[in-house]
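Have the model open while you read.

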Amino acid sequence: MTEIKFFDSLTQEEIDIRTTVFVEEQGFEEEFDTADETALHALIYVDGKAVGCARLLKYNEESAYIIGRIAVLKEYRMLHLGSTIVNAMIEKAKELGGDTAIISAQCRAQGFYETLGFEASGEIYYEEYCPHIHMEKKI
């Protein structure tokens, strides 16, 4: 059984997932930041175990929301949980009055986000060593 839960603060489960995926697997050094203090956090559970996460942030004063830190543990990636949690965050952004979802996507994941209706814009930029692209979707 799959379930998504929302939290007003960073949980230890989310810290563990993001550390595993972004720090240990992908080599990012600066995974946690002050945005975690104001973000809405989500965890996706499979049979009671937290296996993926994401966070949602208001984008300035506009009616856009940033979906970020989307991660799923490697052994659960073939269950399509990434799209499940992204779509849940889009729905939450809509509930909060949002009309646009924004993702700072790793370029290697651009195709995945395009399948969810996001469109790339602008130039490629780097976060630490990793190329990223700005992507948006009207919601």
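Ten salt bridges turn up here, counting a side-chain nitrogen of Lys or Arg within 4 Å of a carboxyl oxygen of Asp or Glu. This is a predicted model, so local features need pLDDT of at least 70 and side-chain atom pairs count only at pLDDT 80 or more, while totals for chains, interfaces and linings use all residues. Residues are numbered from 1 along each chain as its sequence is written, and side-chain values use heavy atoms, with hydrogens and water left out.

| Pair | N to O distance |
|---|---|
| Arginine 18 – glutamate 14 | 3.2 Å |
| Arginine 18 – glutamate 31 | 2.6 Å |
| Lysine 94 – glutamate 91 | 3.2 Å |

Arginine 18 and glutamate 14 are both in helix α1, four residues apart, or about one turn of the helix. Helices (H or I, at least four residues) and strands (E, at least two) are DSSP runs, numbered from the N terminus. Arginine 18 also has glutamate 31 as a partner. Glutamate 31 sits in the loop between α1 and β2, so this pair ties together parts that are 13 residues apart in sequence. Are these two residues, arginine 18 and glutamate 31, buried or exposed? Both are buried, and arginine 18 has a relative accessibility of 0%. Glutamate 14 is buried too, also at 0%. The cut-offs are under 20% relative accessible area for buried, over 50% for exposed, and partly exposed in between (1.4 Å probe, protein chains only).

Over in helix α2, lysine 94 and glutamate 91 are three residues apart, again about one turn. Lysine 94 is partly exposed at 40%, and glutamate 91 is partly exposed at 41%. As for shared partners, salt bridges join Glu14, Arg18, Glu31, Asp33, Asp36, Arg55 and Arg69 into one network.

Now the sheet. It's an open one of seven strands, in the order β1-β2-β3-β4-β5-β7-β6, with mixed pairing; two strands pair if DSSP finds at least two bridges between them. The edges belong to β1 (2–7) and β6 (119–127), each with a single partner strand, so one side of each has no neighbour in the sheet. On average, neighbouring strands are turned by 25° against each other, direction ignored. β6 and β7 run antiparallel and are joined by six bridges, and serine 121 stands opposite histidine 134 in β7. Helix α1 packs on the sheet, touching β2, β3, β4 and β5, and its direction makes about 95° with that of β3. Contact means heavy atoms within 4.5 Å; axes are lines fitted to C-alpha atoms, for helices over the stretch in contact, and angles run from 0 to 180 degrees between N-to-C directions.

The largest nonpolar core has 37 residues, and Ile17, Ile67, Ile70, Val86, Ile103, Tyr113 and Phe118 touch the most other members. Such a core is a set of buried Ala, Val, Leu, Ile, Met, Phe, Trp, Tyr and Cys residues joined through side-chain atoms within 4.5 Å. Leaving out residues up to four places away in sequence, isoleucine 17 touches several residues, including Leu43, Val51 and Cys53.

That leaves the cysteines. How many disulfides are there? The count is zero, with a disulfide being a pair of cysteine sulfur atoms within 2.5 Å. The sulfur of cysteine 53 is 16 Å from the closest cysteine sulfur, in cysteine 130, too far for a bond. Cysteine 107 is in no disulfide either, as the nearest cysteine sulfur, that of cysteine 130, is 7.2 Å away. Cysteine 53 is buried at 0%, whereas cysteine 107 is partly exposed at 21%.
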